[in-house]
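Work through the following exercises with the sequence and the model side by side. Each task is followed by a solution that goes step by step.

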Amino acid sequence: MSFAELRLSIATQSLDLVMQHTIKQSLSLADAKAFPLGESPLSFIKQQKIETLYIHIPFCHTLCRFCSFHKIKYNEQKAKLYFAALRKEIRRVIEGGLRFNRVYIGGGTTTILEDELVKTIELIKSLTTVREVSCETDPSYFKTGNPEVLNGLVDRMSIGLQSFDDNILKASGRYEKFGSGDEQAIHIQRGIELFPTVNVDLMYGFKGQTPSSVVTDIKRMMQLEPDQITTYPLTVGIGKSRKKSQCLAGSPKDLWPQFLAVKEVMAERYLMEFPWTYSRNFGQKVENKYVLDGENCFGVGSGAFGRFGEQFQISSFNIDKYIQLIELGGVGTNYHNLLSSKSIDQHHLMIMMGKGHLDNGLFKAHTGKSLWQAFPLELTYLLAAGALIKQGNDYRTTESGQFIALKMFSGFLAGMDYLREQAIDLAA
Ligand SMILES: C[S@@+](CC[C@H](N)C(=O)[O-])C[C@H]1O[C@@H](n2cnc3c(N)ncnc32)[C@H](O)[C@@H]1O
Ligand code: SF4
C-alpha cells in the first residue's frame, strides 16, 4: 500500500466513525414537535415559492433487501385510497398558495397504479405550470405496464436497475420480480426510447463485486446510452435496517478500487457531475442544475420530508393515519424539527466537495461565513488527508477528495435512513 493509499484508508475509516456519531447527533428527531391540532403546516407554505414538490408513493410489489425507503407491500385497495388522498393533499397545498418549479415523484414504486399516477400528474398540470416532472420506477414497468400513457406527462424517468449480475439480483430479492439482467436490459431500452431524459441507477459495494465486475455492469449500461447514470455506493444504515443490507455488503476497503474503476470507464463517454452522478458526453447534452444552497422543498404523501430553511418537516409514516389526516382536512406533514446550521453547512460541504470546487465567495454569499470559519476542523482534516488542494482563495477536490465526497454522500443516505426510522416511531 502506498503512502497516499494508507493516508486515504485511515482518513475514510475515521470519517465513517465521525459520520455515525454526527448523524445520530444532528439528525435526531427527539425534539421534533407535532403541529398542534388545528394549527396547520399550511401556514408555513403560504405564498412560498419553492423549487421542488416531492411526492412519495409507498408501495412495492417486492421488498428489496438493501432498501430502507418508506414502503409497504402492495395492496390495491389501500393504494387506491392513498392516491385519492394524495390528490386531495396536492390540491390543498396548491390552493393554500404553494408554488414550485419541479415535481419529483419517488417511491416505492410510483408506477404501481398507472392510471392513478396519470390522474395525479394531470391534476398538477391543470393547477400549475411546472417546468419538469421526474418519476422513479423499476425496469419491469416497461414490460408489464403501458408507459406510453406517461408520454408528455413525465419529462425525466429514473429507472432502478442496481446490477446486471443475476447473483446480485437474486441476493437482493429483485430477480424473481424484475427478471434477469438480460431481460431487464431490454426493458430499460424501451424506457430510454420513450422518455426525453432517462437516468438509470446502478449500485456497487455488494459482496462478491470486484472492480472488473463493476466495470462489466457499467459498460453494459453505457451501451444502452441513458442520459444519466447514477452509481450509488450500497449504504448500510445505522439503525434497525442495518442487518438486512449488511449481509449484502462487501468489505468497505473494496469501495475505493471500485470507485476508481467506475470513474475510469465512465470517462470514456460520460461526464462526472458528482462522484455518484454521471451525464452523457455525447449527442445532446443533459441540463443539470447545481444549487449550492440545497433547496426548499415540500413533501406530500406518507413518508415524505420537506424543508424550509432550517425548518425540517416530516409527514406521517403511517399510511392509514396519513389518509385520515387528509380526510380531516389537513395535510400529511404533522411534525417539524429545527435543523442545526452545522448540519446544513455540512451538507453544503458535501455538495461542494462532490462538485470539485470549494468556492469561498459563493459559500460566503450563501452563509455569511468563510470556509475556514465554518469548517476549521473539517478543512484541517481534508487537507491532511490529501483530499483538497488550495487554489487562490478556494480549494479543489483531488481524486481522494472525490472518494471522500462519495463516502459523505453515503453518510447522507444513512442519515436519511435514520430519519425514516425515527419518523416511523413518531407515527406509531
Ligand atoms: C428507493 S428506489 C425507488 C426506485 C424503484 N423502486 C427501484 O427499485 O428501482 C431508488 C433508488 O434508491 C437506491 N437505493 C435503495 N436502497 C439503497 C441503499 N441501501 N444504498 C444505496 N442506494 C440505495 C437504488 O439505487 C434505487 O434505484
Ligand atoms: S428498491 Fe425500489 S422496488 Fe425495491 S423495495 Fe426499494 S423502492 Fe421498492
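**Exercise 1. Into how many nonpolar, polar and charged residues does the shell around ligand 2 divide?**

Solution. The model is a predicted one, and the first step is to list the shell, which consists of Cys 60, Thr 62, Leu 63, Cys 64, Phe 66, Cys 67, Lys 71, Gly 108 and Arg 174. The second step is to sort these residues, remembering that Gly is counted as polar and Cys as nonpolar. The shell around ligand 2 then divides into five nonpolar, two polar and two charged residues.

**Exercise 2. Is strand E7 mostly covered or mostly open, and which strands are joined to it?**

Solution. First count the buried residues: strand E7 spans residues 156-162, and seven of its seven residues are buried, so that the strand is mostly covered. Then separate the two faces, since in a regular strand the side chains alternate between the two faces of the sheet. On one side of E7 are Arg 156, Ser 158, Gly 160 and Gln 162, on the other are Met 157, Ile 159 and Leu 161, and all of them are buried. Now turn to the pairing. Strand E6 (residues 132-137) is joined to E7 by four bridges, and the two run parallel; Thr 137 has Ile 159 in E7 as its bridge partner. Strand E8 (residues 197-204) is joined to E7 by six bridges, again in parallel, and here Met 157 stands opposite Val 198 in E8.

**Exercise 3. Which value of phi does Gln 162 have, and which does Glu 225 have?**

Solution. As background, most residues other than glycine have a negative phi. Gln 162, although not a glycine, has a positive phi of about 85 degrees. This residue belongs to strand E7, and it counts as buried because its relative accessibility is 8%, against a limit of 20%. Glu 225 also has a positive phi, near 60 degrees. Its place is in the loop between helix H9 (211-224) and strand E9 (228-233), and with a relative accessible area of 33% Glu 225 is partly exposed.

**Exercise 4. How many aromatic pairs are there, and why does the pair of Phe 298 and Phe 308 count as stacked?**

Solution. The count comes to 19 aromatic pairs. For Phe 298 and Phe 308, the ring centres are 6.3 Å apart and the planes stand at 15 degrees, so the pair is stacked, the limit for stacking being under 30 degrees. Phe 298 lies in strand E12 (residues 297-300) and Phe 308 in strand E13 (residues 305-308), ten residues apart. Both Phe 298 and Phe 308 are buried. Elsewhere, Tyr 232, Phe 274, Trp 276, Phe 409 and Phe 412 form one aromatic cluster.

**Exercise 5. In which order do the three strands of the open sheet stand, and which are the edge strands?**

Solution. The order is E16-E18-E17, with antiparallel pairing. The edge strands are E16 (357-358) and E17 (388-391), each of which pairs on one side only. As a check on one of these pairings, E16 and E18 (residues 394-397) are joined by two bridges and run antiparallel, with Arg 396 in E18 as the bridge partner of His 357.

How values were computed: Residues numbered from 1 in each chain as written. Chains lettered and ligands numbered in written order. Predicted model: local features only at pLDDT ≥ 70, side-chain atom pairs only at ≥ 80, totals over all residues. Heavy atoms only, no water. Near = heavy atom within 4 Å. Buried < 20%, exposed > 50% of the residue type's maximum accessible area, 1.4 Å probe, protein only. Pairing = 2+ DSSP bridges. Phe/Tyr/Trp six-rings, centres within 6.5 Å; stacked < 30°, edge-to-face > 60°.
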